[in-house]
Amino acid sequence: MELNDAPEQTRAPEQTWPLQAVVRRVDFGGIALLGEDGHEFIAIARGKLMGKKKSLGNAVVVGDRVTLAWEGERAMVEAVAPRRCAFSRRASGERPLEQVVAADVDQVVVVASLRRPDFKPGLVDRVFVQAAYAGIPAVLALNKTDLGEEAEASEILADYAAAGITGHAMCAATGRGVDVLEATTRGKRSLFVGHSGVGKSTLLARLAPGHELLQGEVNETTGKGRHTTTAALLLRLGQGTELIDTPGVRAFGLWGVDGSTLEEYYPEWQHLLGQCRFGDCRHDREPGCALHGALERGEIHKRRFASFQKLRAELEGERT
Ligand SMILES: Nc1nc2c(ncn2[C@@H]2O[C@H](COP(=O)(O)OP(=O)(O)OP(=O)(O)O)[C@@H](O)[C@H]2O)c(=O)[nH]1
Ligand SMILES: [Mg+2]
Ligand SMILES: [Zn+2]
């Protein structure tokens, strides 16, 4: 065969035309994907993936594994592989709608700051409940320890340790705790969640120097009212380490958990459920309540229990 007879090369070598990829980011411009060799490219979704409303919604989210078809040089997302797990929240807005934040996450890193903004256990506890609901292990990264008293940071971490939750004192500004976080996230896919301004992106910049991060995309006010971008961004560091940055949340609404099941997602009293005198005990003031017994003995932390009661009241209010 002469060289001239060779068929015209319409496709580059195999690795630049991957048939499978992982979603790095979803936004209005398309779906940013990572091929197996780690290079990034943009695809669009097939109409059939979009559903009736012609919006991607939860059909394709960060962390999803997708299969592709190529039309010339245009990549189309054909299908999304079944998710091993998904971390969701209730979408902001009046109507109860799910927002899937990311798929196939190995670990949630709940980032909070000691100061600026002040530590708020409400959001932290909610994110732990949501992670437990999704079956995803979670750890606490208590950042900005340079701005507060060391004793206060230790006390917060001790509260969580008593609940079986691992927490680390961090300071992204000085690098304190970054080595621990690096070890904790190594070889896994970790989703970083927390209030705006607690230092998620700064911590990620420490762990992944030189990588592009989410920036200035929260709470943009557009002419059509407030628009909060929901895009998450996956950073691949190699050797199985992947970090997902998310925009800060103002309020974290639970998804899939209601007032009657909430108690199942607090690890520290799992062993006590079913041991109250009354089968339908609400752990309020009923006699023979196993949880209250443990509270009085100091085995359950008062603050965590108070936050459970507050959250349950809120979830029960939602139903009426
Ligand atoms: N003093 C101090 N400042 C910090 C620390 N970590 C982050 N900051 C600062 O806190 C501010 C917010 O940090 P970001 O990393 O943008 O916070 P974020 O959680 O990503 O915020 P959103 O993207 O809005 O959700 C920045 O000005 C950081 O420089 C810290 O450990 N100590
Ligand atoms: Mg950020
Ligand atoms: Zn009880």
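Predicted model: local features only at pLDDT ≥ 70, side-chain atom pairs only at ≥ 80, totals over all residues.

User: Okay, and how do E2 and E3 pair, parallel or antiparallel?
Analyst: Antiparallel, over four bridges, with E3 covering residues 40-45. The hairpin of E2 and E3 has four residues between the strands, and Gly38 takes a positive phi there, near 90°.

User: Where does Gly30 sit?
Analyst: Gly30 is in strand E2, which spans residues 30-35.

User: Which residues does Gly30 touch, apart from its neighbours within four places in sequence?
Analyst: Gly30 is in contact with Ile42, Ala43 and Ile44. Gly30 and Ile42 are 12 residues apart in sequence, yet 6.3 Å apart in space from C-alpha to C-alpha.

User: And why does Gly30 count as partly exposed?
Analyst: Because 16 other C-beta atoms lie within 10 Å of Gly30, and a residue needs 20 or more to be called buried and 12 or fewer to be called exposed.

User: Zooming out a bit, what do those strands build together?
Analyst: They belong to a closed barrel of five strands, running E1-E2-E3-E5-E4 with mixed pairing. On average, neighbouring strands of this sheet are turned by 55° against each other, direction ignored.

User: How many bridges join E4 to E5?
Analyst: Six, between E4 (residues 65-71) and E5 (residues 74-80), and these strands run antiparallel. As one example, Ala69 has Met76 in E5 as its bridge partner.

User: Switching topic: which strands make up the open sheet?
Analyst: Six strands do, in the order E10-E9-E8-E11-E15-E14, with mixed pairing. At the edges are E10 (167-169) and E14 (233-238), each of which pairs on one side only. Neighbouring strands of this sheet are turned by 25° against each other on average, direction ignored.

User: How do E8 and E11 run, parallel or antiparallel?
Analyst: Parallel: four bridges join E8, residues 107-113, to E11, residues 189-193. Val108 stands opposite Leu191 in E11.

User: Which strands does H2 touch when it packs on that sheet?
Analyst: H2 touches E8, E9 (138-143) and E11, and its direction makes about 175° with that of E8.

User: Tell me more about H2. Is it mostly covered or mostly open?
Analyst: Mostly covered, with 10 of its 14 residues buried. The buried set includes Asp125 and Arg126, along with Leu123, Val127 and Phe128. Helix H2 spans residues 121-134 and reaches 20 Å from its first C-alpha to its last, close to the 20 Å expected at 1.5 Å a residue.

User: What about Asp104, is its phi positive or negative?
Analyst: Positive, about 55°, although Asp104 is not a glycine. Asp104 is in the loop between E7 (98-103) and E8, and it counts as buried because 21 other C-beta atoms lie within 10 Å. Lys144 also has a positive phi, near 60°. Lys144 sits in the loop between E9 and helix H3 (150-162), and it is buried, with 24 C-beta neighbours inside 10 Å.

User: Last topic, the ligand. Which residues come nearest to ligand 1?
Analyst: Gly199, Lys200, Ser201, Thr202 and Gly248 come nearest, out of 19 residues around it. Helix H5, residues 200-207, gives the most to that shell, with three residues. By type, the shell divides into eight nonpolar, eight polar and three charged residues.

Key: Residues numbered from 1 in each chain as written. Chains lettered and ligands numbered in written order. Near = placed C-beta within 6 Å. Helix = DSSP H or I, 4+ residues; strand = E, 2+ residues; numbered from the N terminus. Nonpolar A, V, L, I, M, F, W, Y, C, P; charged D, E, K, R; others polar. Contact = placed C-beta atoms within 7 Å. Pairing = 2+ DSSP bridges. Axes fitted to C-alpha atoms, helices over the stretch in contact; angles between N-to-C directions. Expected span 1.5 Å × (residues − 1).
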